[in-house]
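Thanks for making time, everyone. Could you bring the model up on the screen before I start talking?

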Amino acid sequence: MKQLFARHALLPQGWARNVLIAWDGAGTLTEVHANADGAPDVGYVLPGMVNLHSHAFQRALGGLTERAGSTLDNSADSFWTWRDLMYRFAATITPEQVEAIAAQLFVECLRYGYTALCEFHYLQRDPQGEWYGHLAGMAERIAAAAAASGIGLTLLPVLYSHAGFGAQALRPEQRRFHTSVRDVHDIVAALEPLRSSQLEVGAAPHSLRAASVEQMRELVDGLPAGRPLHLHIAEQQAEVDQCLAFCGQRPVDYLLSQLAIDARWCLVHATHLSGAESARLAASGAVAGLCPTTEANLGDGLFPLAPYIAAGGAFGIGSDSHVSHSPVEELRWLEYGQRLARQRRNVAATAATPDVAEFLWQGALRGGAQAAGRPVGALAVGKRADLLVLDDAHVNLDGIDAADVLGRFLFSGNDNLVRDVLAGGQWVVRNGVHINQDSIAHRYKLALHQLREVSR
Ligand code: ZN
């Protein structure tokens with residue numbers, strides 16, 4: 001039995017004092033007991049955050065796509081021109097490099113407070129479009145990287161069959177992504193032996209552009225019950241326009257009218273929603289997977305958060321293209337985007353939870369856990385032992401009330417206040433340093449060096 005005694009811990013119902021937290025050898029919480037007797041080991045403890053949307057290989061591109069195109073016409077650079085750069089990068093990358101990049105990403109995510117991550121995995125084939133030995137080869141690289149880092153993983157092999165609405169043929173640069181429904185079922189089956197308390201396997205139709213609703217039905221019908229399902233939707237206005245031209249409906253309306261979308265589903269981005277779509281999405285029980293730093297970086301647009309919150313919609317956060325690895329930055333920009341657009345303050349709050357930081361952290365925990373399909377996101381018996389010990393010696397946290405901790409954490413400065421991280425019952429970060437940080441960084445630098453050589 002292992003345990004930690006926190007002077008203050010954030011429980012599902014709010015902050016509690018003198019909390020004894022214990023977990024078993026399998027990394028499951030066996031006791032969470034407030035108002036316990038004894039001397040606390042640490043000051044402030046939070047549940048670890050869930051990163052519900054990741055394309056791990058894109059970590060290596062972060063910061064390298066920030067120059068205006070040759071025309072210097074600010075209408076020329078868009079999500080779509082970024083996507084061409086990303087495709088070029090994805091064209092040569094090897095399985096070893098994917099594993100090295102993913103491990104580096106997962107270490108960074110852990111150090112900043114994510115203890116679980118959902119990998120939306122579409123880089124499946126080799127550069128010629130052939131399979132690596134067996135279909136799950138690339139997915140197993142992601143699982144190996146997660147195991148090396150200690151982060152909990154929800155692995156989502158992607159259904160990617162078409163280049164656009166109406167079953168358009170894939171472009172040559174998309175051949176590494178190509179899967180049929182049968183392929184995804186086979187990958188899910190091949191990953192079955194890897195499932196554990198730290199790893200779940202779901203599936204992800206890439207988008208309405210890359211998979212038809214008929215395929216999505218077939219995909220869901222052939223999956224084991226209860227597995228998480230994710231897809232990209234309505235990220236770009238062009239996608240909305242193409243969907244309207246294709247079927248006369250907006251993407252979320254079309255999806256909800258064609259498939260039984262429920263709490264198993266995570267709709268990633270869902271940026272461009274009508275008022276009616278926002279209400280329908282909230283009522284469906286699905287999670288809106290919001291990726292504010294990527295959506296800002298790619299010029300996607302702003303998710304209509306206020307009406308969605310008012311309708312009781314579930315949400316979580318993801319780092320998607322990994323221009324940030326910090327849940328603080330993701331949640332800060334989720335709120336700041338709304339403030340800028342609406343010219344008011346404190347948008348992500350309700351009468352029941354007026355504290356913006358608490359509303360965001362607790363809401364993203366609930367939605368993230370739902371999207372991950374794993375028992376995470378709360379300090380409660382039976383959940384995974386995933387927690388963060390904050391640096392209570394930092395000037396921002398010194399001597400403050402527990403009620404102010406999340407506000408300081410999310411909205412004050414850029415120091416990383418995450419000191420220690422427990423993931424699946426293992427201390428993977430101590431005093432800000434990951435246990436395998438140096439060896440994983442070494443392999444990452446080697447992979448990047450190789451990729452630079454190829455692109456010269
Ligand atoms: Zn994505």
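Predicted model: local features only at pLDDT ≥ 70, side-chain atom pairs only at ≥ 80, totals over all residues.

Residues are numbered from 1 along each chain as its sequence is written, and side-chain values use heavy atoms, with hydrogens and water left out.

Okay, domains. The protein chain is assigned domain 1 (2–47 + 380–438) and domain 2 (51–372), with bounds that come from an automatic or database domain assignment. Their C-alpha centres are 28 Å apart. Where they meet, 32 residues of domain 1 are in contact with 24 residues of domain 2; contact here means heavy atoms within 4.5 Å.

So what lies between them?

Leaving out residues up to four places away in sequence, Trp 361 touches Leu 10, Pro 327 and Phe 409, among others. Trp 361 counts as buried because its relative accessibility is 0%, and Phe 409 is buried too, at 4%. The two rings have centres 5.4 Å apart and planes at 65°, so they're an edge-to-face pair. For the cut-offs: rings of Phe, Tyr and Trp (its six-membered ring) pair if their centres lie within 6.5 Å, and planes under 30 degrees apart are stacked, over 60 edge-to-face, the rest tilted. Helices (H or I, at least four residues) and strands (E, at least two) are DSSP runs, numbered from the N terminus.

How many aromatic pairs does a search of the whole structure find? It finds 17. Another one is Trp 23 with Trp 427, edge-to-face at 6.3 Å centre to centre and 75° between the planes. Those two are 404 residues apart, in strands E2 and E16. Trp 427 also has the charged end of Arg 430 over its ring, 4.3 Å from the centre. That label needs NZ of Lys or CZ of Arg within 6 Å of the ring centre and within 35 degrees of the ring normal.

Next, the metal. Which residues coordinate the zinc ion? His 53, His 55 and His 232 do, each through NE2, at 2.0 to 2.2 Å. Donors are N, O and S atoms within 2.8 Å of the metal (3.2 Å for Na, K and Ca), and water is not among the atoms, so sites may look incomplete. The spacing along the chain is H-x1-H-x176-H. His 53 sits in strand E5 and His 232 in strand E10, 179 residues apart, and both are buried.

Last stop, helix H7 (residues 251–258). Six of its eight residues are buried, so H7 is largely enclosed by the rest of the structure. Asp 253 and Tyr 254 are among those buried, and the buried residues pack against H5, E10, H6, E11 and H8.

Key: Buried < 20%, exposed > 50% of the residue type's maximum accessible area, 1.4 Å probe, protein only.
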